[in-house]
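Work through the exercises below with the sequence and the model open. Each task is followed by a solution in steps.

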Amino acid sequence: MNELRRTKAHFAVIAFCLALTYVLGLSNLKSFPIVGAEYNSTLHLSATRFGPTYSLPETVDTVVSDKVHSPGYVVLLNLWNRLAGRDLFALRLFSVYFGLFGVAITYRLALLTGSADIAIDAALLAASLAFAVYFTYTVRMYGLLAMLSVSVAWCYWKVTSMARPVPLRYWIAFIAASSAILWVHYLGLIALAAVGLYHLAFARKDRRWLQTCLALIAAVLLFAPWLPVLIAGIAAKSTPDSNALSSVDSVLAMASIYTNGLPFIAPVVGLAAALNYRRLGQAQKYILILACAIVLLLLAANEFTTLLYARRIRYTIIFALPWACALAIGLNLLPAWRLIRIPFLILWIAGFAAYSSTDDLLLYTNWLTQDQHKMPHYQDLLYEPAVVTNESDFIVSFHPDTSLTWQIPDYYNQIPGKWAGLIHIWTAPDGIPAFKSSVPELGSVSSMASWRFPVWLIYNPQETDLGSIPAYAEGFANHYRSCGRFVEKPSSVIERYAPVDVSCALLTSADPLAINYDNGTALANIHFELDADTLYVYSWWSRTDFGKYTYTLQVFDSEGAKAAPQTDNLIGDSGLYSLSLDVSSLSAGEYVVRQIVYDTISFKSQPGQVAGSQTQFQREVEVGRFTIGD
């Protein structure tokens with residue numbers, strides 16, 4: 001099948017590849033909490049999570065200060081942030097589009113071979129390459145880097161292979177892609193060097209050859225303004241890490257990640273390509289040589305700069321999409337490929353599914369080193385519709401033996417209007433409970449006795465057995481009780497907890513009585529339970545001004561006469577309050593409870609508004625009714 005005879009089935013497969021990339025990206029945008037590297041990307045957008053967005057020069061200045069990366073990706077992320085917002089979901093979505101363009105351009109590069117079969121195979125392989133797919137839903141530059149590497153390869157071939165004069169748009173595209181890859185990541189130089197080596201060794205030396213050389217020089221010159229920062233970063237580089245991979249280990253690691261954990265594929269395809277090299281077309285040879293050159297240059301650079309670590313093997317992502325094309329070429333050279341094509345693709349996709357959850361992928365994406373797979377899924381508190389948080393809530397998480405990476409509490413600690421803070425509890429190696437708390441005074445088992453706030457408890461059931469954690473079994477469970485499970489997934493459970501002396505109905509009511517006072521004080525709900533001669537009153541003050549105001553409860557009968565002595569209670573910290581009223585002296589009938597909030601010093605009553613009905617009041621407001629039977 002040649003390029004001009006593509007069928008509807010062919011286009012259907014390409015549409016499937018793009019849809020698969022999009023679905024895999026979207027389905028993972030909310031699947032895990034922020035990763036440390038993603039948090040580092042957000043630091044280039046604003047001084048604080050909810051602060052004003054940096055101007056573009058300010059974003060560039062933050063990259064200059066780091067002396068680690070080129071600024072291209074975070075500048076684009078800054079612009080995307082202005083359009084889509086700074087929520088983690090929106091920032092990750094940006095990378096999904098790079099993934100889509102990456103698969104599309106991989107298809108176009110493979111189509112240069114003149115075989116539509118090779119092109120659709122390359123697209124299928126790229127769309128289901130687990131290591132590459134991971135970077136299509138993370139807030140890092142590697143998805144863009146992969147896309148640009150294959151873009152440079154495609155643009156180069158277009159400008160060097162045309163028999164007619166090259167249209168200006170192709171020269172612009174080639175120079176722009178070649179310069180952009182440097183502005184996105186320094187490792188883009190490896191991709192350019194691979195193209196350059198091919199150009200020097202295999203391209204025909206004519207006027208077009210010279211024009212291409214000048215175009216590459218122009219692309220590098222466009223990067224020249226950043227060279228002082230690059231040189232400063234190299235000069236400031238620390239001592240090489242002893243964990244750097246050797247050349248052999250690097251090859252084995254790449255054989256694992258770029259075959260979905262099926263490394264035998266690489267030598268088989270390599271042998272097929274070597275045996276059939278002489279009968280290959282020039283475009284096929286170009287793609288194979290380019291992929292080999294990228295690997296060899298990465299290995300050579302690693303010998304001089306200790307570039308590759310198991311946790312930083314992501315630097316090889318420039319190889320991913322050219323490799324998908326080279327792999328498709330090699331597979332189509334196998335003698336029985338038409339017979340084994342479907343079984344192989346099934347095996348490849350099965351390998352993708354299996355490899356996506358292996359420790360190898362966790363290691364090579366740096367999750368294993370940072371224990372990212374052990375982190376509680378805090379993002380579910382924001383994205384699961386069953387979870388409705390309150391500004392006075394605390395998020396409490398448990399793990400048997402793992403703390404949090406510093407970026408996670410910094411990102412999730414205090415979200416205005418969502419919750420008051422985060423407390424993570426684990427057991428240290430010495431067996432003593434350890435705490436990481438946004439409020440230091442709450443960071444101990446002994447402090448749990450004084451906790452009076454509503455809690456959302458979150459943990460990973462695959463990692464955590466609550467009953468086996470001393471801080472939970474001997475501390476938290478003695479002072480709090482579960483009010484229901486709101487999220488239950490294989491890797492995430494979220495439950496609502498209240499102090500043992502507080503009714504769960506206060507927190508779980510489908511129709512809470514919320515009152516907002518003009519002084520800023522807020523009552524999230526109030527709940528009454530009558531038990532024999534005692535009326536229990538549970539109130540949830542979600543926003544307070546400690547000690548400045550007092551609330552009083554007054555009981556009136558059906559005639560409007562005061563039926564019982566009023567109670568006056570100081571409003572301290574935000575949280576949960578419980579009290580009991582003796583109603584043994586009341587006769588049978590209907591009773592109304594009214595509440596007044598007043599200034600503790602001046603005794604001035606505070607006006608407000610009932611949130612649900614929007615009813616305004618100046619002094620007192622009805623908060624409940626109860627009936628005493630005969």
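The model is predicted, with local features needing pLDDT of at least 70 and side-chain atom pairs counting only at pLDDT 80 or more, while totals for chains, interfaces and linings use all residues. Residues are numbered from 1 along each chain as its sequence is written, and side-chain values use heavy atoms, with hydrogens and water left out.

**Exercise 1. Strand E6**

Task: Determine which strands pair with E6, and how many of the residues of E6 are buried.

Solution. 
Step 1. Helices (H or I, at least four residues) and strands (E, at least two) are DSSP runs, numbered from the N terminus. Two strands pair if DSSP finds at least two bridges between them.
Step 2. Strand E4 (residues 455-459) runs antiparallel to E6 and is joined to E6 by five bridges. Within this pairing, Val493 of E6 stands opposite Tyr459.
Step 3. Strand E5 (residues 480-489) is also antiparallel to E6, over seven bridges. Tyr497 in E6 is the bridge partner of Ser482. E5 and E6 make a hairpin, and two residues lie between them.
Step 4. Buried means under 20% relative accessible area, exposed over 50%, and partly exposed in between (1.4 Å probe, protein chains only). Eight of the eight residues of E6 (residues 492-499) are buried, so the strand is largely enclosed by the rest of the structure.

**Exercise 2. A six-stranded sheet**

Task: Give the strand order of the open sheet of six strands, and identify its edge strands.

Solution. 
Step 1. The order is E12-E9-E8-E7-E14-E15, and the pairing is antiparallel.
Step 2. Strand E12 (575-582) and strand E15 (616-617) are the edges, since each pairs on one side only.
Step 3. Gly608 has Phe617 in E15 as its bridge partner.

**Exercise 3. Aromatic pairs**

Task: Classify the ring pair of Trp183 and Phe223 and that of Trp451 and Tyr480.

Solution. 
Step 1. Rings of Phe, Tyr and Trp (its six-membered ring) pair if their centres lie within 6.5 Å; planes under 30 degrees apart count as stacked, over 60 as edge-to-face and the rest as tilted. The structure holds 46 such pairs.
Step 2. The ring centres of Trp183 and Phe223 are 5.2 Å apart and the planes stand at 75 degrees, so this pair is edge-to-face. Trp183 belongs to helix H9 (residues 168-184), and Phe223 to the loop between helix H11 (207-222) and helix H12 (227-235); the two are 40 residues apart and link distant parts of the chain.
Step 3. Trp183 is partly exposed at 22% relative accessible area, whereas Phe223 is buried at 4%.
Step 4. Trp451 and Tyr480 are likewise an edge-to-face pair, at 6.2 Å centre to centre and 70 degrees between the planes. Trp451 sits in the loop between strand E3 (433-437) and E4, and Tyr480 in strand E5, 29 residues apart.
Step 5. Trp451 is buried at 2% relative accessibility, and Tyr480 is buried at 3%.

**Exercise 4. Charges over rings**

Task: Which rings have Arg49 and Arg92 over their faces?

Solution. 
Step 1. A charge sits over a ring if NZ of Lys or CZ of Arg is within 6 Å of the ring centre and within 35 degrees of the ring normal.
Step 2. Arg49 lies over the face of Tyr411, 3.8 Å from the ring centre.
Step 3. Arg92 lies over the face of Phe32, 3.9 Å from the ring centre. Phe32 also belongs to a cluster linked by ring pairs, whose members include Phe131, Tyr134 and Trp367.

**Exercise 5. The largest cavity**

Task: Describe the volume and the lining of the largest cavity.

Solution. 
Step 1. On a 1 Å grid over the protein atoms alone, a cavity is a set of points where a 1.4 Å probe fits but cannot get out, and a pocket is an open set with protein on both sides within 12 Å along at least five of seven lines; lining residues have an atom within 4 Å of a point. Grid points are joined across faces, edges and corners, and a volume is the space filled by probe spheres set on the points.
Step 2. There is one cavity of 30 Å³ or more, and the largest cavity has a volume of about 150 Å³. Among its 18 lining residues, Gly99, Ala132, Val133, Thr136 and Leu321 are the closest to the centre.
Step 3. Ala, Val, Leu, Ile, Met, Phe, Trp, Tyr, Cys and Pro count as nonpolar, Asp, Glu, Lys and Arg as charged, and the others, Gly among them, as polar. The lining of the largest cavity has 13 nonpolar, five polar and no charged residues.
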